[in-house]
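Thanks for coming. I will talk about pockets today, so please look at the model on the screen.

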Amino acid sequence: MKVAITGLPQSGKTTLFKALVGKDFPVSFEKENISDVKVFDQNIIELSNVFKPKKTTFATVTFVDLPGIPSGVEQAKRRNEILSSIRQFDALITVIDAFTKDDFETDIKIFENDLILLDLDVVEKRLERLQKEKLTQDKVLEQKTLQKFKDALDSETPLRSLELTDEERLATKSFGLFTLKPTLYLINISEEKIPQRSKIEEALRKKFNYKNTEFAVIPVLLEKEISQLTEDEKKEFLSSYNLEKEAINEVLELTMKLLNLDVFYTVGEDEVRAWLFEKGLNAKKVAGKIHSDIERGFIAAEVISYEDFKSVNFSFKDAKSKGLLRIEGANYIVKDKEIVHFRFNV
Ligand SMILES: Nc1nc2c(ncn2[C@@H]2O[C@H](COP(=O)(O)OP(=O)(O)OP(=O)(O)O)[C@@H](O)[C@H]2O)c(=O)[nH]1
Ligand SMILES: [Mg+2]
């Protein structure tokens, strides 16, 4: 899964990227920066303490810090270059400068409307072409979906806010439409605004009441500074600002939510590991996240929820005798935070 950090120039994108990747990561201020970011998970830490494996692996999401999108005619080429690179991403984090600006809501509106117009252009051009073509069944669906998109865009609604079937999504996937991507608006505030965080967030949710859209109000520069500290220093620092935890974790949580991802765990002496999968996948498909051989040769999945496993002090023997360890078949829908062991045969 790949998430783009985007927004206007000088909004704090690279600073956010630094806060996400933590210490010692060399960043470039001219080119794009790419890094996998560990999805912090207390459960993995506990499982690792129990199994003492050779290797502990957190799930990761790839973040890419892009150059700012310039406005103005003279920069059109550069602007188009950056925009077209966004098409390949699964979700967007759009950083909004609220540390120098008070009317940052206007910036959100302008940014959103810009992308709406760009999408509208793609959709209208494609619809025109389809009109001249002989339509197969697939293309009829594509045309119908694009017409639905055009109607939404005409009324300034981002496409991610529409209810879509899997078929409609598939039929229009190749266009990489901007407003179809789940979006986290990251409102980059100054330290003085920390006490107003939840108020700002609430107001934005109300004003931009779209599906697949989240808001996080975060003092990015402060978070970057926190991310460079040791664990002990962090605690002291956070309490001096009356903060409970690093706000940056909220960015990861919201990203997971937008990407519609759940996590499952595999445990053993060799490795304790967290894996991401799309919500609602069945056991056989989930097995494929580890290896295609396991999916192909799937026999069964032994499953226990993290909470149940913890309740028997992480003992498989006790879990079994209490009937907490279940054997599930290929069509079982794996839930968030389950420990899974796959039986397979290749
Ligand atoms: N006071 C203050 N300054 C900030 C904050 N966030 C970023 N800055 C400063 O703003 C400047 C730009 O930050 P960057 O993170 O490089 O912004 P960017 O969006 O990556 O900029 P481009 O890549 O050039 O588009 C830097 O000097 C940062 O230190 C903030 O929350 N408060
Ligand atoms: Mg930058």
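This is a predicted model: local features need pLDDT of at least 70, side-chain atom pairs count only at pLDDT 80 or more; totals for chains, interfaces and linings use all residues.

Residues are numbered from 1 along each chain as its sequence is written, chains are lettered from A and ligands numbered from 1 in the order written, and side-chain values use heavy atoms, without hydrogens and water.

A pocket here is an open set of points on a 1 Å grid over the protein atoms alone, where a 1.4 Å probe fits, with protein on both sides within 12 Å along at least five of seven lines; lining residues have an atom within 4 Å of a point.

The largest pocket has 28 lining residues, and Asp90, Arg169, Lys173, Leu180 and Pro182 lie nearest its centre. Which helix gives the largest share of that lining? It is α6, with five residues. Helices are DSSP runs of H or I, at least four residues, and strands are runs of E, at least two, numbered from the N terminus.

On to the second largest pocket. Its lining has 22 residues, with Phe40, Glu231, Lys234, Glu246 and Asn249 nearest the centre. α1 (13-21), β2 (33-38), α9 (231-240) and α10 each supply at least two lining residues, and α9 has the largest share, four.
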